[in-house]
Amino acid sequence: EIRRGLQTISTTGKGLLSFVESYRRFTRIPTPEPSLFYVKAFIDRMVELARHQNKCDNITFHIDIAPADLIVYADENLISQVVINLLKNAIEACEESLSPQIIVEAVQKNGMVIISVIDNGSGIVPEAIDKIFVPFFTTKSKGSGIGLSLCRQIMNRHRGSISLDSQVEKGSSFVLRFPIVTKRIL
């Protein structure tokens, strides 16, 4: 009986080590390779991609980019992972809404490019807001708790930030902030 117990412990330990190694590989974010790109064209592509990847026929999308030629200096491939994850989460949050709506806004303010993804979905309970970016924490029954953690890591690698404002039954707003690049940095 002791031998079986030790074998169970050994097998479980190996499984956990394998999982941790897989997670470590998964979360190893490459060094950003930033370039300048237009926010409007980028957001238009991300919304179109999100529409095709998710069931959202009844959701109204609004895109408001000001100025229309707003540019950000970031790794477009990495930031696309962040925005697609936020759009996917917003779509899922709106599943029960009577008039589901997702707004994507971008502005330049106080030396930052600010991109917001706002939904009128179910919102996030107050006790979960402080934990939402913690690896493996999830409010979804089928969630892994990895997506928003990766979003935060990607934004940190860009010297930017991601924040959340949410109210139950009113919706959520995720805000990405990127420093504006001056000619001295380029």
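User: Is Ile2 buried or exposed?
Analyst: Ile2 is exposed, because its relative accessible area is 68%. The cut-offs are under 20% relative accessible area for buried, over 50% for exposed, and partly exposed in between, with a 1.4 Å probe and protein chains only. The structure is a predicted model, in which local features need pLDDT of at least 70, side-chain atom pairs count only at pLDDT 80 or more, and totals for chains, interfaces and linings use all residues. Residues are numbered from 1 along each chain as its sequence is written, and side-chain values use heavy atoms, with hydrogens and water left out.

User: Where does Ile2 sit, and which residues make a nonpolar patch with Ile2?
Analyst: Ile2 belongs to helix α1, residues 2-26. Together with Leu6 and Ile9, Ile2 makes a nonpolar surface patch of about 360 Å². A patch takes residues with over 30% relative accessible area and no salt bridge; nonpolar side chains (Val, Leu, Ile, Met, Phe, Trp, Tyr) are joined within 5 Å, and like charges within 9 Å. Accessible areas come from the Shrake-Rupley method with a 1.4 Å probe, and for residues only the protein chains shown count as cover.

User: How many helices and strands does the protein have?
Analyst: The protein has five helices and seven strands. Read from the N terminus, the order of elements is α-β-α-β-β-α-β-β-α-α-β-β. Helices (H or I, at least four residues) and strands (E, at least two) are DSSP runs, numbered from the N terminus.

User: What share of the residues is buried?
Analyst: Of the 186 residues, 38% count as buried. The protein exposes about 11,600 Å², and 53% of that area comes from carbon and sulfur atoms.

User: Which residues touch the most other members of the largest nonpolar core?
Analyst: They are Val39, Ile43, Leu87, Ile102, Leu176 and Phe178, in a core of 45 residues. Helix α3, residues 76-93, gives the most to this core, with nine residues. A nonpolar core is a set of buried Ala, Val, Leu, Ile, Met, Phe, Trp, Tyr and Cys residues joined through side-chain atoms within 4.5 Å.

User: What does Ile43 touch?
Analyst: Leaving out residues up to four places away in sequence, Ile43 touches Ile63, Ile65, Val83, Val104 and Ile115. A contact means heavy atoms within 4.5 Å. Across the protein, 71% of the contacts with a separation of 6 or more are between residues 24 or more positions apart.

User: Now the charges. How many salt bridges are there?
Analyst: The count is three salt bridges, each defined as a side-chain nitrogen of Lys or Arg within 4 Å of a carboxyl oxygen of Asp or Glu. Asp44 pairs with Lys40, with the closest N and O atoms 3.2 Å apart. Arg45 pairs with Glu76 at 2.1 Å between the closest N and O atoms. Glu92 pairs with Lys88, and there the closest N and O atoms are 2.9 Å apart.

User: Which of these pairs links distant parts of the chain?
Analyst: The salt bridge between Arg45 and Glu76 has its closest N and O atoms 2.1 Å apart. This pair links distant parts of the chain, with Arg45 in helix α2 and Glu76 in helix α3, 31 residues apart. Asp44 and Lys40 both lie in helix α2 (residues 39-53), four residues apart, about one turn of the helix. Likewise, Glu92 and Lys88 are both in helix α3, four residues apart, about one turn.

User: Why does about one turn matter?
Analyst: An α-helix has 3.6 residues a turn, so residues three or four places apart point the same way.

User: Why does Arg45 count as partly exposed?
Analyst: Arg45 counts as partly exposed because its relative accessibility is 42%. Glu76 is also partly exposed, with a relative accessible area of 24%.

User: Are Phe37 and Phe42 buried or exposed?
Analyst: Both Phe37 and Phe42 are buried.
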